[in-house]
Structure formats: structure tokens, C-alpha cells
Amino acid sequence: MSSIPVATRDIRRVLIANRGEIAVRIVRACKTLGIESVAAVSEADQDSLAARLADEYVVIGPAPAAQSYLCADLLVRTALEQRCDAIHPGYGFLSERSHFAQACEDAGIAFIGPSAEIIDSMGDKITAVGLAEKAEVPRVPGSDAVADAETARAIASDIGYPVLFKATAGGGGRGMRIVRSDDEAEAAFRSASSEAQAAFGDPTLYVEKFIELARHIEIQIMGDRQGNVVHLGERECSTQRRHQKLIEEAPSPSLAPHTREQMGECAVRLARNVGYFGAGTIEFVVDDRDGKFYFLEMNTRIQVEHPVTEMITGLDLVAEQIRIAAGLPLSFSQADVKLVGHAIECRINAEDPDRHFLPSPGLVSEWLPPKGPGVRVDTHCYSGATVPPFYDSLLAKLIVHAPTRNEAIVLMRKALEDMKVVGLSTTARFHHAVLDHPDFVAGLVTTRWVEDVFVPARKQALKQAKERA
């Protein structure tokens with residue numbers, strides 16, 4: 001990874017308002033820049049790796065996120081008490097909450113991310129789609145906000161089934177339902193709206209055409225306050241289950257060169273039009289039947305899967321975020337961005353794939369991550385660490401980089417075999433089986449493949465193995 005010289009304006013001490021592997025990742029970026037880091041941790045995370053590696057840590061509240069990691073005022077007050085110049089929100093929690101960004105700004109603390117106004121405009125799906133259309137970025141055929149089930153049904157009939165009912169404030173598949181007929185519309189609308197209210201505090205939905213054979217492709221962009229915007233290529237995120245990403249890779253094995261170029265241009269144009277600064281991701285859906293792509297949404301934060309982009313570009317995106325927050329221009333131009341080789345990331349979760357991905361918190365009695373050339377592990381785990389039941393189940397991100405995709409697949413299989421985790425169930429073997437599948441090797445995976453093809457075949461194979469035993 002390239003070294004970024006220390007040239008910050010007034011950011012000398014950063015409060016990390018997050019936990020887990022991303023908190024560790026931010027600590028390491030701060031060390032790269034010669035900046036002090038303070039880990040804000042809940043009572044459950046006092047012995048976390050982030051707390052151990054940061055220059056200091058401070059306990060901000062009890063284990064439940066609602067009493068710690070989601071308390072914006074508490075985090076801002078803690079940053080002031082700890083004499084921090086900036087707050088890095090990581091991903092999840094408060095990273096895309098405009099009121100948190102504004103609270104930081106009001107307190108004179110740099111928020112390491114875009115402005116509250118940008119978070120608001122790109123966080124609302126309807127507003128974001130409108131901005132994409134103004135930037136001449138194609139969108140999936142769909143509607144504006146819909147007030148009731150009857151209107152949604154009429155719009156769906158006009159667009160043509162199947163459609164998606166989607167939360168305007170949504171993400172991660174919550175507040176989303178596939179609807180295939182008029183008969184399903186009313187119940188699906190009520191269900192999606194109720195889930196959206198519970199998850200995001202906003203029940204508003206809109207209707208969008210559902211693309212049956214879809215690929216999920218996203219473009220990483222970086223922008224600064226001087227108006228410079230560049231893209232760092234795409235990531236293929238189609239290997240997912242229930243709208244949750246499992247494996248990401250860069251570059252995509254499926255995009256034609258002209259499509260790749262068009263998507264990059266669209267992403268930069270949209271980001272520039274909204275005055276975006278910081279790290280962001282423009283997400284697209286690609287129709288696998290004809291290769292046409294459509295804007296889905298923008299994530300106004302660093303992504304879980306940013307390491308695959310770092311591996312093929314040699315850039316430190318988190319360090320770059322900090323520099324941008326300090327008011328400095330991008331340290332590279334579009335011409336400087338060179339995509340080299342192929343990278344794959346597997347999300348290693350504390351879950352049991354054979355029990356419907358049931359979470360598996362507890363004590364990590366032994367942690368032996370794989371090592372070697374081209375292998376990177378971003379994690380918060382160590383032998384003796386406790387994985388609490390209060391948060392998401394991500395243990396580590398296993399990333400490999402090789403000259404070609406086939407070599408990267410082979411290297412990832414070997415890395416998964418070498419990973420040893422005692423005390424918890426993990427998804428490592430599940431990932432290995434996916435990477436062994438001929439569809440994955442051939443680059444034929446779409447967003448429904450895991451659920452419609454891989455999982456049923458795996459269940460049948462396990463059943464037959466038990467019967468033979």
C-alpha cells in the first residue's frame with residue numbers, strides 16, 4: 001500500500017466512533033499519518049483489539065448500541081473531552097446519519113465524511129434517483145414516493161411485474177419486498193412499510209422494476225473540497241444472500257470494457273454534480289441479459305469491501321479520507337489510478353451456515369489467520385478475544401490479491417483452508433464451497449444465485465451425505 005505523507009492541517013487526534021475490524025483499520029490509517037487515535041468503546045469492547053491498538057480508549061456506555069455507538073451527542077461530547085480534532089464514523093452505526101455529521105460540524109470537530117447536506121440528499125433514495133437523472137445517469141424504471149398500497153399496485157401494474165417495493169431510507173435489504181402480481185401487492189406493501197418504519201424510522205416506500213438476472217456492481221469514488229473527483233474502478237458484489245454481500249471482487253469478471261468506462265464516467269459525473277467529497281460508492285444493478293446498467297443508490301461512507309479496491313490500486317482509502325477531511329486535495333489524479341491484478345474479499349462471519357446462518361458469538365479460544373504473499377486479513381480478533389452478541393457477526397475480512405482472477409481464486413481457497421478459528425462457527429467453509437463451484441469460477445454469479453442455485457444444491461448434497469453415512 002502506498003505511503004501518504006503527513007500533511008494534515010489541524011487533524012492531529014481522531015476519535016473512532018465505531019468498533020470491530022473497521023475501528024482497527026482506522027487506527028492503522030492514523031498510525032500511517034502520524035495521528036493519534038482514541039477508540040470510543042462500549043463496556044463490551046473494553047478488551048477489543050481496537051482498544052488495545054489505539055493510543056487511548058474511552059468507555060462511552062453499556063453494550064447495547066443504542067446506549068453507546070448510536071449516541072451522537074455522547075460521542076461529540078467525548079471527542080471534545082478527549083481533545084480530538086476529528087471523528088471517523090467508519091461504516092454502519094452513525095456513519096450515514098446527517099444529524100451526527102452536523103453535530104460534529106457545530107462543535108468544531110471535523111467529520112471524516114461528506115457534509116450533512118450531501119448525506120441527506122444521497123441517503124434518501126428518491127432524492128438520489130432524481131439527482132442521478134439530472135446527471136444523466138440511467139435509473140431502474142420506477143416511481144417517486146408512494147403513499148398507499150393501492151397506488152403502489154397501480155404503478156406496479158404499469159411498470160410490469162415483477163417489481164420491488166423499497167424503503168426510501170433503506171439499505172441492506174430491509175424494507176424491501178419482491179412483488180410478482182397484483183394479489184401480492186397489498187400484503188407486501190404493508191410488510192415492507194412496517195419493516196422500514198422499524199429499521200429506519202420512516203415507512204415511505206417507492207416502486208422499482210425488479211431485474212431477475214441482476215449483477216450488483218459498485219464504483220468507488222473519492223472527491224475533495226477543491227472539486228476533484230476520481231473513480232477507482234468497480235467491485236463485483238453479486239455473491240450475496242438476502243441482499244447481504246458475502247464475497248466481493250475487483251475488477252468484475254463480467255463487465256465489457258466500454259460498460260466499465262461508462263459506469264466510471266457516470267459515477268464521477270454524479271459525484272461532481274452533488275459536490276461530493278470524501279470516500280463514496282455509487283451502486284449499480286446490471287441486467288445480465290443485455291448488459292445495461294442502472295443507478296441504485298449511493299453510500300456516503302467507506303464500504304466494508306474497500307480493501308479489494310486498495311489491493312488493486314495500492315491506495316490507502318482511509319488515510320485519504322482523513323486527508324480530505326483536513327481540507328487537503330486528493331493525493332492522486334484519475335491518470336494516477338492504475339488497476340493491477342485481481343482481488344477477492346470473503347467476509348468471515350461468526351455464523352453457522354448449516355443452521356440458517358445462526359450467529360455464533362462467544363470466546364475465540366484460538367485465532368490463527370492465514371499469512372503469505374498476496375494475503376491480507378482485516379480483523380478485530382485474537383486468541384482469547386470475546387465476540388459479544390450485541391453487534392454484527394463480522395469477525396474478519398480475508399482479502400487476496402494475485403495477477404489474474406483464477407490465481408486469486410486459488411489463493412483464496414488456500415487462505416480459507418489455512419484459517420483456523422477455534423471456539424466459534426464461521427462461514428469460512430461456506431466461502432470455500434462457493435469458490436469451488438464452477439459457476440463462480442466462470443464468473444456467472446448473479447444476485448440470486450446463492451439462494452436459488454448454490455444453497456439448495458448444498459443442502460441436497462449434505463442430505464445425501466448424511467443418508468450415505
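**Note on the predicted model: sheet, helices and buried elements**

1. His432 is a residue of helix 13. This is a predicted model. Is His432 buried or exposed? Its relative accessibility is 17%. Buried means under 20%, so His432 counts as buried. Leaving aside residues up to four places away in sequence, His432 touches Arg413, Leu416 and Glu417.

2. Helix 13 covers residues 428-436. What covers them? The cover includes strand 11, strand 12 and strand 15. It also includes helix 12, helix 14 (438-441) and helix 15 (449-468).

3. Eight strands form an open sheet in the order 14-13-10-11-12-15-22-20. The pairing is antiparallel. Which strands stand at the edges? They are strand 14 (293-299) and strand 20 (375-379). Each has a single partner strand, so one side of each is left without a neighbour in the sheet. From one strand to the next, the twist averages 25°.

4. Two strands of this sheet, strand 10 (residues 214-223) and strand 11 (residues 229-241), run antiparallel. Six bridges join them. In that pairing, Ile217 stands opposite Glu236 in strand 11.

5. Two helices pack on the sheet. Helix 9 (residues 257-273) touches strand 10, strand 11, strand 13 (278-287) and strand 14. The direction of helix 9 makes about 115° with that of strand 11. Helix 12 (residues 405-418) touches strand 12 (244-250), strand 15 (342-349), strand 20 and strand 22 (394-402). The direction of helix 12 makes about 140° with that of strand 22.

6. How many of its nine residues are buried? Eight are, and the strand is mostly covered. Strand 22 runs antiparallel to strand 15, with eight bridges joining the two. Here Arg347 has Lys397 of strand 22 as its bridge partner. Strand 20 also pairs with strand 22 in the antiparallel sense, over five bridges. Val375 has Val400 of strand 22 as its bridge partner.

7. Now a helix pair. Helix 3 (residues 72-81) and helix 4 (residues 98-106) pack at about 30°, and their axes are 10 Å apart. That angle makes helix 3 roughly parallel to helix 4. The crossing of helix 3 past helix 4 is right-handed. Helix 3 brings Ala72, Leu75 and Val76 to the contact. Helix 4 meets them with His99, Phe100, Ala103 and Cys104. What is the make-up of this contact? Its residues divide into six nonpolar, one polar and no charged.

8. Gly113 sits in the loop between strand 5 (110-111) and helix 5 (116-123). With a relative accessibility of 13%, Gly113 counts as buried. Gly113 and Gln46 are 67 residues apart in sequence. In space they are 26 Å apart, C-alpha to C-alpha.

9. Helix 5 has its own buried residues: Ala116, Ile118, Ile119, Ser121 and Met122. These pack against helix 4, strand 5, helix 6 (125-134), helix 9 and strand 14.

10. Finally, strand 7 (residues 163-171). Why is it described as largely enclosed by the rest of the structure? Seven of its nine residues are buried. Strand 7 runs antiparallel to strand 8 (residues 174-179), and five bridges join them. Lys166 stands opposite Met176 in strand 8. Strand 7 and strand 8 form a hairpin with two residues between them. In the turn, Gly172 has a positive phi of about 65°.

11. Strand 7 has strand 9 (residues 205-209) as a further partner, again antiparallel and joined by five bridges. In that pairing, Val163 stands opposite Lys209 in strand 9.

Definitions and conventions
Residues are numbered from 1 along each chain as its sequence is written. This is a predicted model: local features need pLDDT of at least 70, side-chain atom pairs count only at pLDDT 80 or more; totals for chains, interfaces and linings use all residues. Side-chain values use heavy atoms; hydrogens and water are left out. Two strands pair if DSSP finds at least two bridges between them. Helices (H or I, at least four residues) and strands (E, at least two) are DSSP runs, numbered from the N terminus. Axes are lines fitted to C-alpha atoms, for helices over the stretch in contact, and angles run from 0 to 180 degrees between N-to-C directions. Contact means heavy atoms within 4.5 Å. Angles under 35 degrees count as roughly parallel, over 145 as roughly antiparallel, 65 to 115 as roughly perpendicular and the rest as oblique. A crossing is left-handed if the near helix is turned anticlockwise from the far one by less than a right angle, and right-handed if clockwise. Ala, Val, Leu, Ile, Met, Phe, Trp, Tyr, Cys and Pro count as nonpolar, Asp, Glu, Lys and Arg as charged, and the others, Gly among them, as polar. Buried means under 20% relative accessible area, exposed over 50%, partly exposed in between (1.4 Å probe, protein chains only).
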